[in-house]
Amino acid sequence: MKKIALLLVAALLCSLGAAAQDKPIIKVETQGVQLVFKVGDNGRLYQSYLGKRLTHEADLKHLPKGTEAYITHGMEDYFESALEVEHSDHNSSTELKYVSHEVTTQADGATLTTITLADDVYPTSVKLRFAAYADQDIIVESTEITNGEKKPVVLRQYASSMLHMRRSHYYLTEYSGDWANEVNMSQTELNFGKKVLDSKLGSRASMFMPSFFQVALDAPATETTGDVLVGTLAWTGNYRFCLEVDQHNALRVVSGINPYFSAYTLKAGEKFTTPDFIFTLSDAGRGKAARNFHTWARNYRLKDGNGNRMTLLNNWEATYFDFNEEKLVNLMDDAVKLGVDLFLLDDGWFGNKYPRSSDHQGLGDWQETEGKLPHKVGYLCQKAKEKGVKFGIWIEPEMVNPKSELYENHKDWVIHLPNRKEYYFRNQLVLDLSNPKVQDHVFGVVDRLLTDYPEIAFFKWDCNSPITNIYSPYLKEQQTHLYVDYVRGLYKVLDRIKAKYPNVPMMLCSGGSGRIDYEALRYFTEFWPSDNTDPVERLYIQWGYSNVYPVKAQCAHVTTWNRGADIKFRMDVASMGKMGLDIKCTDMKPEEVEFCHDAVMNYNRMKPVILDGDQYRLVSPYEGNHASTMFVSPDKAKAVVFAFDVNPRYAERTYPVKLQGLDPNREYRVKETNLRGDKYWFNGRTYSGDYLMTVGLELFSNRRGLTSHVIELE
Ligand code: DGJ
């Protein structure tokens, strides 16, 4: 008897040992970053490590178990959870245990790790997905939640990602602002408690803060030093990042759709897939993190990320709503004089019962205004063709003015409260994209234009209102689905457009201020960062967005904002992005028009380096009176350096600026371009990359006034 008992104990111990050994260590890794998960004895999944990739595989076993990876509501944790499910019996607890994991290769080459977790008590399962892009150190994470119950359940919290860090200090950089004053960088140290960055605008990710953040770990980061976690949510609607430090000074970052007024009911057997949370971890400061995002975006996310971008002339600031055919054709002549590729017709071309003569009426009625365009858009396409420029057009198809035929005929398509006075943002309302009929209407706006005028070569898609008066006539008793279903409806429309017209470039616009995210950028080639085109302000705004978005996607236009900056300064700032002009030649002297033309030609030559090269931000406008940024071609054979004296002080001491990213063993010839007035004394000289990066160049001066320089290195 005793013998049998001993044998049983031995067998049990063996099986426990085997179970412990069988517990997998799951690695999600890129060249430089490693995210490691372990399974605890309780069967739950733990995030054991997130940091620089360890050199020796064997060391992974020494890593501590860590913190539960995707913490659920209702169990023993006292801080922010990633998932809250109200089961059909109204019990809101979920406990997830490891079931399996698999590693596959995605169509785009990324390594996809999928970890499946499930509850023992309820048939709720969760898949955590991590796509790792090895060369760019980018990890794209999303979550799929399945309701296996026979009745509906309600998702109250459904994060895309939960990440844990255990470091001595956390320094959060956030980018708050407002319309025409976007992405102002500020830093705060995170201490015990929560910091929430979120938005509730509905039709766009942000206006007051873009949907990305940086956290420097242990110590504040610089452009070239420090460990930094940078994350962004690919979702064109309400987002939320909750950064919470607990009593052990551990940080958790919970990222996803904002759960605010968004409880989501899943029917029996239904799945919910969250948007992507995209992050990188740099051990060499913000600059490297930004380049990781830029290269990844151009190669894997941004529409036509490796393609060309057209320069353009837009009529918005040249005419506003006050134009006719003659004025537009004259502006096409300006486009020719300036040497740009495309003429872009902005707001104000549509509406007959209520002509769009101001932003108070006409939105939604997408027929050409007879008084303004008697020969319709086809005539403008024809004129553009004759002049050798392409033609693009502005639309804002998700919106409606109450003074419009669309509103009169289809009030049931409009998001509004049936029993209250309507509140308008820019005199307009948002159409209910959760309704498939509205999706057809929005698709139809683009489809009609491209069917009637296949010459249209570009769209500027605007979105000037957040969702106000939140109530969907279509969703009826499921009102808390509206924020999510609006965005999903938008993606359905964009998918149809992309499928039928895959090659038409489109600009994503929302009066600036932030309809910018990496899901929308699957469909858009570029975005409008701000209505503020003052070149001094743009130095800050373009710097802010470049923490996550490549300059190839950032439209930068020359306008008449800030005439204190000369035309060279304005052209030089716009040359650091996807260049356009929004100005008329009659606002400039002939010599200025000629300068712009030459600068556009120079830009065309430098474009491959600026738009497809690696960006090194040398001197931040936030740090003093000057700013400098450079771009280096991937083969390091060429570079373009921009330098700006923004607020030089009398007798201020300036110092050489050390360049970055060059080949130390190559010789580079310095050639200044966009010349107008003074040039650098070292123009025409040749230096080694080592010299340029170690000693640097005297790029700044203390002369009064705004000055700028552009140099090409070859
Ligand atoms: C807001 C945009 O940012 C502007 O460029 C212009 O297109 C207007 N909308 C038109 O209404």
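Two residues are in contact here when they have heavy atoms within 4.5 Å of each other. By that criterion, and not counting residues up to four places away in sequence, leucine 172 touches Ser186, Gln187, Thr188, Leu190, Lys195, Leu197, Phe213, Gln214, Val215 and Leu243. The model is a predicted one, in which local features need pLDDT of at least 70 and side-chain atom pairs count only at pLDDT 80 or more, while totals for chains, interfaces and linings use all residues. Residues are numbered from 1 along each chain as its sequence is written, and side-chain values use heavy atoms, with hydrogens and water left out.

Leucine 172 sits in strand E12, residues 170–178, where strands (E, at least two residues) and helices (H or I, at least four) are DSSP runs numbered from the N terminus. Its relative accessible area is 0%, so leucine 172 is buried, a class that means under 20% relative accessible area, with exposed over 50% and partly exposed in between, for a 1.4 Å probe and protein chains only. Leucine 229 is 57 residues apart from leucine 172 along the chain, and their C-alpha atoms are separated by 9.5 Å.

The next topic is the cavities. On a 1 Å grid over the protein atoms alone, a cavity is a set of points where a 1.4 Å probe fits but cannot get out, and its lining residues have an atom within 4 Å of a point. Grid points are joined across faces, edges and corners, and a volume is the space filled by probe spheres set on the points. By this rule there are 8 cavities of 30 Å³ or more.

The largest cavity, with a volume of about 130 Å³, is lined by 17 residues, of which Leu539, Gln542, Trp543, Met576 and Thr629 lie nearest its centre. Helix H9 (535–545), strand E32 (614–619) and strand E33 (626–632) each supply at least two lining residues, and H9 gives the most, with 4. The lining comprises 8 nonpolar, 7 polar and 2 charged residues, where Ala, Val, Leu, Ile, Met, Phe, Trp, Tyr, Cys and Pro count as nonpolar, Asp, Glu, Lys and Arg as charged, and the others, Gly among them, as polar. Because domain 2 (312–398 + 435–467 + 505–612) and domain 3 (616–713) both give residues to this lining, the largest cavity lies between them; the domain bounds come from an automatic or database domain assignment.

The second largest cavity has a volume of about 60 Å³, and its lining includes Gln157, Tyr158, Arg240 and Pro259. Strands E10 (153–158) and E18 (250–257) each supply at least two of its lining residues.

Notes:
On a 1 Å grid over the protein atoms alone, a cavity is a set of points where a 1.4 Å probe fits but cannot get out, and a pocket is an open set with protein on both sides within 12 Å along at least five of seven lines; lining residues have an atom within 4 Å of a point.
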